[in-house]
Amino acid sequence: MAEDVGLQRDVTVTGEVSPRTLHLKLLRKQWQIISLQVIATVALVGMYLEVVSNYVVGSIDHTMLFDTIELLIGDQLPIGDWLTGEGRSGLARFFVPLVLGLLVGGGMALLAFQTPKIQQRVKLGFIVTLIVVLIGQLMLSWLTGMLFSFDLRLPNSSELSTLEWPLLMILSMMILFLYLLPVIMGVRGIWGLSRRSIAWAIGFTLLFLGIHAILAFPLINGQLGTYGDSVNVIGAQFSDPTIGIFGLMLVNEQQFALILIAVLIMVFQESSYGVIRYLEYAYRLPESCKRDPEYVRQMDNVLNTHLKHTFGFLGLTGVATMIALGFHTVLLGFVEDSTGSQWAGQISESIELSLTYGLVISAAMFLSIMALLRFFVPWERIWGLIYSRRNADATPAGKEVVEI
Amino acid sequence: MWTRKASFTFTGGIALILIGMMIANLQMMILGLTFIAFIVVNSWISGHGDVEVQRTLSADNLYKGDDLYVELLVTNRSNRNTQLLEVYDNIPHEMKLRSGLNQMRLNLKPGESARIRYVLRCPLRGHFSIGPVSLRSRNTFNLGVEEMLVDHHSDIVIFPQIKEVEEAFLRSRTPKMYTGATTLRTPGQGSEFYSLREYVPGDPFKNINWKAFARTGDLMVNEKCRDAVTDLYILLDSRDIARIGTVLKNPLEMGTVSAASLAAFFLKRRDSVALAIFDDSLAYLPPDTGDKQYFKILSALAGVSPKGKMPLQAVTNSLSGRFSRGSPVFIISSCEGDGTVPAAVRDLVGRGHEVTVLSPSSIDFERLVSRIPRMSYEVLKLERQNRLTTLAGSGAMVIDWMPDMDLSQALMQVRGY
């Protein structure tokens with residue numbers, strides 16, 4: 001009879017079933033952590049593609065730079081077109097480099113988890129390979145040339161020309177690296193748990209947006225002459241809105257893309273930093289707490305809430321921004337419909353109210369109303385009440401881990 | 001309250017909107033608006049610390065050096081989630097965490113509860129209080145933070161450690177006879193037969209029961225019932241001077257340990273024990289026996305702290321009238337900074353009390369914390385020896401108790417100098 005009674009799942013005696021603990025080794029494989037990391041990666045890629053498609057492609061993208069260099073040297077760059085995306089059109093130019101960036105970032109993250117000895121060896125190997133690629137051919141031809149002619153001399157022009165290929169190769173790689181810096185650093189930060197790398201990815205993106213904004217400023221753009229024409233300028237005056245919710249058109253596609261960039265930056269930031277924050281907390285817990293089912297349960301609660309809020313609140317942030325941007329049309333429509341007077345007609349057709357000032361003031365007004373709503377609508381209590389009603393009949397799912 | 005992150009996000013958002021408006025850049029304006037919208041949306045959920053806290057301790061009284069098991073039950077009684085709540089149970093800084101942690105990050109749903117378990121080591125005696133519980137509530141993205149306190153305290157008394165005391169070294173010369181039908185029924189020196197037991201080396205030959213030996217072939221000895229009790233008086237010096245040394249090793253700490261151990265030993269023998277603690281005033285527990293007295297003595301010793309400079313003679317003058325005739329008196333004092341000690345001891349001996357002076361060597365305690373030149377140390381040591389010799393000359397048994405010496409070891413060196 002006794003042998004029929006098996007151990008419960010959480011009981012560990014034989015070591016076959018391991019209980020859930022907050023050890024980093026286990027926690028890193030937990031679905032919530034993986035989900036947050038995947039969300040952060042998707043947001044990073046999405047943000048990068050949005051920025052690239054809006055500001056870079058066809059304007060200042062890397063393929064155009066490679067074309068210019070090829071034109072200058074009168075030869076093809078050693079790096080293959082299939083790798084750089086040359087010859088493709090639109091966003092497709094970035095697909096292969098993007099995959100390359102993800103792989104490099106992933107590799108750097110993987111390296112970060114190796115022992116210092118392995119890290120040192122890999123770094124040393126990389127440097128040696130770089131040196132060999134750069135001057136290996138030159139040294140080989142030069143030294144063998146001297147050996148066969150039995151003459152001590154400086155390298156001749158044909159031998160020096162062997163430097164051309166590696167230099168161009170390194171230059172091409174550096175250009176690609178510069179273009180892919182947010183992706184490489186972002187992936188390294190997300191999967192390698194590096195705050196600094198995440199800050200680099202966000203900082204570089206914001207820096208790019210800032211520089212682009214300055215270059216797109218009409219006064220400066222005009223000074224740049226023909227170079228200024230290649231900067232993608234997004235005008236302050238937009239066409240009619242085509243995207244909205246509940247049949248209410250709020251923003252156009254261009255505005256939506258810009259909102260998407262902003263929201264994705266925040267999703268990337270909050271998810272990636274969140275993972276590091278939670279893992280850091282778990283790491284600092286003493287051994288006994290890591291094994292305590294109560295701590296495991298609460299960590300689950302916290303992670304689940306983070307996941308829900310990432311979707312819920314950041315989604316709502318995007319929607320709120322959309323409504324805020326389209327709020328001036330709602331206001332103008334309301335004024336026109338409510339009064340029907342001549343003055344109201346003039347106001348609704350006023351172009352100033354559709355320009356930046358009107359747009360920002362109405363958006364700020366909408367956000368203020370939203371902020372005030374929290375004092376009138378007890379969201380938290382409503383959600384809590386719904387939860388209580390839903391779980392009124394549910395039995396508590398407490399399962400104790402028995403330590404033997 | 002907004003966190004630094006929220007303030008930066010808000011300021012950044014406003015700055016981006018303004019710069020965007022200045023240079024007519026919609027991306028910047030939208031980025032700024034999104035930052036502001038992020039704060040606005042997140043302000044709807046702030047979390048709360050409206051939780052019920054219940055603390056359970058493994059014991060209300062412990063001995064110094066023991067472990068205390070604490071369990072803190074946090075229950076969310078409100079109708080909303082707590083969001084990210086950091087719970088921190090404030091523990092006295094004298095106590096050390098041995099296992100577990102006195103804090104947890106949690107997110108409790110309505111009606112849900114969580115248990116925080118941890119073990120504390122109590123290296124110092126005294127009266128302590130665990131609590132209050134500090135709460136810090138944040139929202140998921142760390143934009144708002146609220147700090148609160150739950151005024152929930154649990155009091156605990158840490159008694160001094162009890163050391164084993166060998167019976168051979170402590171014996172009353174003047175037993176007090178109980179009247180009436182009181183039977184002690186414990187083995188000891190007396191006249192009534194208690195039991196027969198096997199001989200162990202060291203038992204006096206006069207106790208051997210020869211008839212039993214003849215019958216069984218094994219050496220057997222008679223054990224007697226104790227038929228007398230003693231009133232024992234312990235005078236503990238808790239003056240300011242008793243704080244010399246480290247927190248864990250000073251004359252007062254050693255004094256409380258010895259007072260508690262002696263009291264435990266005598267009370268176990270069903271003797272009556274009285275305790276007088278003198279610092280800036282005199283606290284006196286009249287002689288009594290039993291567990292209640294034991295608890296009273298330990299509680300009194302737990303709360304002792306060094307202060308004041310009451311002379312020993314003032315203590316003996318006020319108490320000697322209450323001392324039972326011929327009962328032993330234990331004086332636990334470093335005998336420093338009090339010129340009345342020889343006179344007080346002489347007075348007690350003169351009244352027929354068997355006086356034992358247990359004197360922790362304060363010079364050696366001082367050496368633990370400060371560097372004393374060798375010559376000065378030798379001089380101070382000599383002065384101390386003279387002082388103790390004077391006490392011994394008055395008829396007291398004097399024990400010079402060094403810091404690294406165990407109590408039973410110290411009691412072995414009872415000598416008359």
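Reader: How many residues of chain A and chain B take part in the contact?

Author: A contact pairs residues whose C-beta atoms, placed from the backbone, lie within 7 Å. Here chain A puts in 49 residues and chain B 41 residues. Bear in mind that this is a predicted model, where local features need pLDDT of at least 70, side-chain atom pairs count only at pLDDT 80 or more, and totals for chains, interfaces and linings use all residues. Residues count from 1 along each chain as its sequence is written, with chains lettered from A and ligands numbered from 1 in the order written.

Reader: Which element gives the most to the side of chain B that touches chain A?

Author: Helices (H or I, at least four residues) and strands (E, at least two) are DSSP runs, numbered from the N terminus. On that side, α2(B) gives the most, with 14 residues.

Reader: How do the axes of α2 and α9 of chain A cross?

Author: Axes are lines fitted to C-alpha atoms, for helices over the stretch in contact, and angles run from 0 to 180 degrees between N-to-C directions. Helix α2 (residues 31–56) and helix α9 (residues 181–192) of chain A come within 10 Å, crossing at roughly 170°. So α2(A) is roughly antiparallel to α9(A), a label for angles over 145 degrees. Among the residues making this contact are Leu44(A) and Tyr48(A) of α2(A), and Val187(A) and Trp191(A) of α9(A).

Reader: And where do the domains of chain B lie?

Author: Bounds come from an automatic or database domain assignment. For chain B it gives domain 1 (4–42), domain 2 (51–159), domain 3 (182–224) and domain 4 (229–412). The centres of domain 2 and domain 3 of chain B, over C-alpha atoms, are 56 Å apart.

How values were computed:
Two residues are in contact if their C-beta atoms, placed from the backbone, lie within 7 Å. Angles under 35 degrees count as roughly parallel, over 145 as roughly antiparallel, 65 to 115 as roughly perpendicular and the rest as oblique.
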